[in-house]
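Me: I would like to go through this model term by term. Please set each value against its definition and then conclude.

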Amino acid sequence: MIRDDLETFADTVEEEQSVEACTKCTACNTVCPVARTTEIFRGPKSLGPESERYRDPHEATVTAGLDLCSGCKLCEVTCPSQVSIQEYIRRAQNKGAREKGRTLRDWLLGHTRLLSRFGSLTAPLANFGNRNPLFRILMERVVGIHRKRPLPKYQWLTFESWFKRHLRSRSPLPALPRERGRGKRTVAYFYGCWVDFNERRLGQQVVAVLERNGIEVIVPRQQCCGIPAVVNSNTDLARKYGVENVRRLNALPAGVDIIASSTSCGLMLKHDYAHLLEIPGAEQVGSRVYDICEYLWMLYEAGELDIDFQPVDTRVLYHAPCHLKSHGIGYPAMRLLRLIPGVRVEEVDEGCCGISGTYGVKVEKYDLSMKIGSRLFEAVKAAGSDSVLADCETCRMQVEHGAGSRSAHPIDILAKAYGYR
Amino acid sequence: MKADIAVVGSGLTALVATRTLQKAGRNPVLIWPGLSSLYFLYATVDVLGYTNATTTQPVDEPVRGVRQLIADNPDHPYARAGLAALQDGSSLLLEWLREAGFSWQGTLARNLLLPTATGTPKPSCLVPTSMIAGDLQRDEPIAFCGFDGYQDFIPELAASNLARTWNGGPRSVTSVRVSLPGINSENLFTSIDLARRFEDPTFRRDVATRLRDAVKFDGARLGMPAVLGLTHDTDVHTEFEKETGHPVFEIPTVPPSVLGLRLFDRLRRHLQETGVEMIWAAPAHNAEVANGRCQRIHLKSAGRDQPVEARAYVLALEDAVDGAWRAGAHAVRDPFFHQLLAQHATPAERTDESLFQPQPFAAIGYPVSERLQPLDTDGRPLAANVFVAGGGIAGYDPTSIKARGGMAIATGYRAAQEAMAA
């Protein structure tokens with residue numbers, strides 16, 4: 001839209017985030033990890049803004065090829081005109097699924113929280129099944145989950161339950177002086193499904209690191225952030241989750257910052273709720289959300305971070321998740337790690353790991369997902385370091401599987417440097 | 001976040017400014033919105049191809065040409081940056097390219113004349129070694145080579161155009177076309193797709209064999225679209241020359257520019273490997289000014305604006321492409337200070353009807369001080385610690401005189417020097 005206004009700065013098409021801002025420069029196709037790996041994918045330019053011009057709300061959606069988009073958002077990161085390429089793809093996919101229905105597999109993967117709650121309640125059985133070759137063949141045939149993809153291990157004790165106990169107990173976390181409530185900051189932790197059901201320890205480390213810095217941690221009731229639903233053709237469901245989260249998070253007292261330890265959950269809260277899902281009140285939430293490392297770096301710059309670190313003698317690689325790039329904050333984890341004596345950290349800059357959440361789990365996408373990640377796997381193997389750090393849980397799953405290395409969230413090193421074992 | 005000096009931009013200007021600061025022992029942070037403008041704008045470093053927009057006589061000695069240009073036009077961006085900035089900046093860049101593993105050639109003292117994809121001779125100054133064999137001041141016959149289904153290079157067009165204008169001796173210009181192994185010519189594919197394929201030795205050898213069979217005469221040099229590897233340029237080119245048995249030269253194609261991407265990808269990694277902090281996917285806007293100095297600029301990060309607080313700022317955006325200015329229906333403003341840079345009754349005033357004439361929009365930018373500070377409408381610096389390089393400078397129109405690389409280097413280098421002194 002062109003406004004006839006001499007004095008308004010925002011009189012540009014780019015400001016409108018319009019499909020017309022696309023100049024068809026093909027930059028997005030150049031960086032797309034899927035397009036660079038397989039010729040069968042027409043690429044973000046074609047499926048996003050180009051197709052969008054022909055999409056009619058009153059006609060059936062052409063969905064061919066849309067599911068090949070992994071949702072990494074590198075196209076949007078790269079677009080010189082800041083076109084929301086992904087949003088066009090996701091909306092079309094959702095509309096197509098409304099018209100044609102969803103597969104059982106995509107329905108299940110979209111309902112990650114439900115699935116994880118079930119996995120957690122039946123933890124020993126679920127974990128046995130997920131590792132049992134016969135069961136995996138059955139799962140591949142019936143549901144469409146590739147038999148070779150290692151599935152995350154479920155934990156009986158959820159983070160939420162642990163945190164309730166932690167609040168009740170007056171004893172400090174191991175090896176850390178407990179200074180709860182001493183500081184002037186309070187943060188609400190959006191831990192996400194992963195920490196709740198699969199990696200409680202990461203949540204404990206986050207709490208430990210924050211409490212070590214005199215920050216009071218509260219854990220508001222929360223729903224799945226919705227990203228698994230978004231990438232499984234179900235923005236309707238994601239919106240439902242989002243509305244619930246926005247309502248709860250907006251009810252937090254003023255001055256409470258929200259932190260997330262998963263880059264993708266954080267990105268949903270910061271950006272996608274307001275833009276892709278158009279949830280009222282989401283911008284107020286988004287402006288309060290910080291990635292955990294972003295938050296700690298902010299504390300450091302304000303002189304509030306406790307930098308009395310114990311040396312951690314380790315050489316680690318750092319892999320920057322695609323969704324972290326979408327945050328537009330640089331790599332705060334790298335900056336933090338460089339503050340810790342003994343830590344030698346190098347970035348392994350080989351692009352997308354290929355898993356993209358639930359994408360690489362699917363039977364028809366597994367091989368593609370491994371091929372996308374192959375450059376990263378080779379680089380990790382060649383570097384021969386202790387482990388790979390990544391802020392995203394599925395990147396960690398993929399690196400462990402593809403490169404056979406160990407992996408952790410950067411907070412792991414920080415917690416160690418504070419003496420938390 | 002806090003930084004020593006913040007450089008905003010994604011092209012050669014910003015890279016040179018960042019490297020200048022790094023080499024001087026400073027701690028720059030490089031901020032860019034998305035993909036580099038090298039993707040669109042660069043393949044070679046052109047310092048001065050023509051002395052003005054109307055002449056057809058190429059410049060032989062760029063450094064002499066620039067000296068003359070500065071003497072004749074004291075307001076030209078080259079004059080503002082100074083000849084020394086061009087010379088020192090070019091040495092810095094060439095040394096950096098060597099250190100980063102590139103093989104480039106050329107000096108400021110001499111222009112090469114290289115054929116474009118449409119077969120016109122173009123003066124260029126510093127170029128990748130993989131382009132050198134195309135120099136039209138040499139005598140060997142040329143065979144332009146194209147590929148079935150690849151639409152961005154038409155060998156017949158290049159050959160017929162060059163045969164008409166290249167008039168220096170008994171030379172032969174021909175064209176050949178071969179099909180590509182394993183590629184369906186019905187599919188649309190770009191230079192990037194081909195460049196990735198050429199990194200596969202089996203594919204490359206197969207194409208080399210097909211070309212060897214197709215080119216009928218010995219001693220010809222092969223002119224091909226620049227697709228010889230997306231990252232490992234020198235190796236692919238050297239191997240391909242051996243495999244075809246001919247000297248081979250690459251010709252830049254329409255965007256996506258493989259040569260530009262090769263350059264950007266490697267130089268960016270090199271900066272990162274050597275400890276330069278980068279923030280991408282965060283377009284910078286809104287400079288906050290107090291007491292005559294810029295206190296911070298804001299990045300459009302996810303969820304909220306993120307302030308970057310630095311001692312000095314280099315605004316090194318290249319072009320409207322990477323956001324040097326924003327145009328509405330009538331007003332053109334800069335994204336940082338929201339200065340009115342130009343005003344037009346209709347948008348048509350910004351363009352010339354002929355694509356091949358200088359375009360009025362190209363010259364839009366900030367008026368700048370002797371130290372490259374952006375000036376307000378009264379001629380006072382908008383902020384004492386902000387310096388402009390590249391396309392943000394008023395009168396910066398490198399296209400018509402074929403000076404994009406040189407002007408980028410000179411202004412980027414100079415702005416970095418000024419930022420260190422601020």
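**Terms and values**

Reply: Chain A holds 21 helices and eight strands, where helices (H or I, at least four residues) and strands (E, at least two) are DSSP runs numbered from the N terminus. This is a predicted model, in which local features need pLDDT of at least 70, side-chain atom pairs count only at pLDDT 80 or more, and totals for chains, interfaces and linings use all residues. Residues are numbered from 1 along each chain as its sequence is written, and chains are lettered from A and ligands numbered from 1 in the order in which they are written.

Me: What makes the radius of gyration of chain A agree with that of a compact globule?

Reply: The rule for a globule is 2.2 Å times the number of residues to the power 0.38, with the radius taken over C-alpha atoms. For 421 residues a compact globule would have a radius near 22 Å, and chain A has 22 Å, so the two agree. The C-alpha trace of chain A spans about 65 × 60 × 40 Å along its principal axes.

Me: What share of the residues of chain A count as buried?

Reply: The share is 52% of the 421 residues. A residue is buried if 20 or more other C-beta atoms lie within 10 Å of its own, exposed if 12 or fewer, and partly exposed in between, with C-beta atoms placed from the backbone.

Me: Why is Thr26(A) called buried?

Reply: Thr26(A) has 20 other C-beta atoms within 10 Å, and therefore counts as buried. Thr26(A) lies in the segment before helix 1 of chain A and has a positive phi of about 75° although it is not a glycine.

Me: How do you know that Leu372(B) is buried?

Reply: Leu372(B) counts as buried because it has 27 C-beta neighbours inside 10 Å. Leu372(B) sits in the loop between strand 17 (340-343) and strand 18 (386-388) of chain B, and its phi is near 70°, a positive value in a residue other than glycine.

Me: How many residues of chain A are in contact with chain B?

Reply: 33 residues of chain A are in contact with 40 residues of chain B; two residues are in contact if their C-beta atoms, placed from the backbone, lie within 7 Å. Helix 1 (27-31), helix 3 (74-78), helix 14 (263-272) and helix 17 (322-327) of chain A each supply at least two residues of the side of chain A that touches chain B. By class, that side has eleven nonpolar, twelve polar and ten charged residues. Ala, Val, Leu, Ile, Met, Phe, Trp, Tyr, Cys and Pro count as nonpolar, Asp, Glu, Lys and Arg as charged, and the others, Gly among them, as polar.

Me: Why are helix 1 of chain B and helix 5 of chain B called roughly perpendicular?

Reply: The axes of helix 1 (residues 12-23) of chain B and helix 5 (residues 83-99) of chain B come within 10 Å and cross at roughly 85°. Axes are lines fitted to C-alpha atoms, for helices over the stretch in contact, and angles run from 0 to 180 degrees between N-to-C directions. Angles under 35 degrees count as roughly parallel, over 145 as roughly antiparallel, 65 to 115 as roughly perpendicular and the rest as oblique. Helix 1 and helix 5 of chain B are therefore roughly perpendicular to each other. Val16(B), Arg19(B), Thr20(B) and Lys23(B) of helix 1 meet Gly89(B), Leu92(B), Leu93(B) and Trp96(B) of helix 5.

Me: What makes helix 5 of chain B and helix 12 of chain B roughly perpendicular?

Reply: Helix 5 of chain B and helix 12 (residues 404-421) of chain B pack at an angle of about 100°, with their axes 8 Å apart. The two helices are therefore roughly perpendicular to each other. By class, their contact has seven nonpolar, four polar and two charged residues.

Me: Which strands of the open sheet in chain B are edge strands?

Reply: Four strands of chain B form the sheet in the order 8-7-9-10, with parallel pairing. Strand 8 (173-178) and strand 10 (248-251) are the edge strands, as each pairs on one side only. Two strands pair if DSSP finds at least two bridges between them; strand 9 (residues 221-225) and strand 10 of chain B pair in the parallel sense over four bridges.
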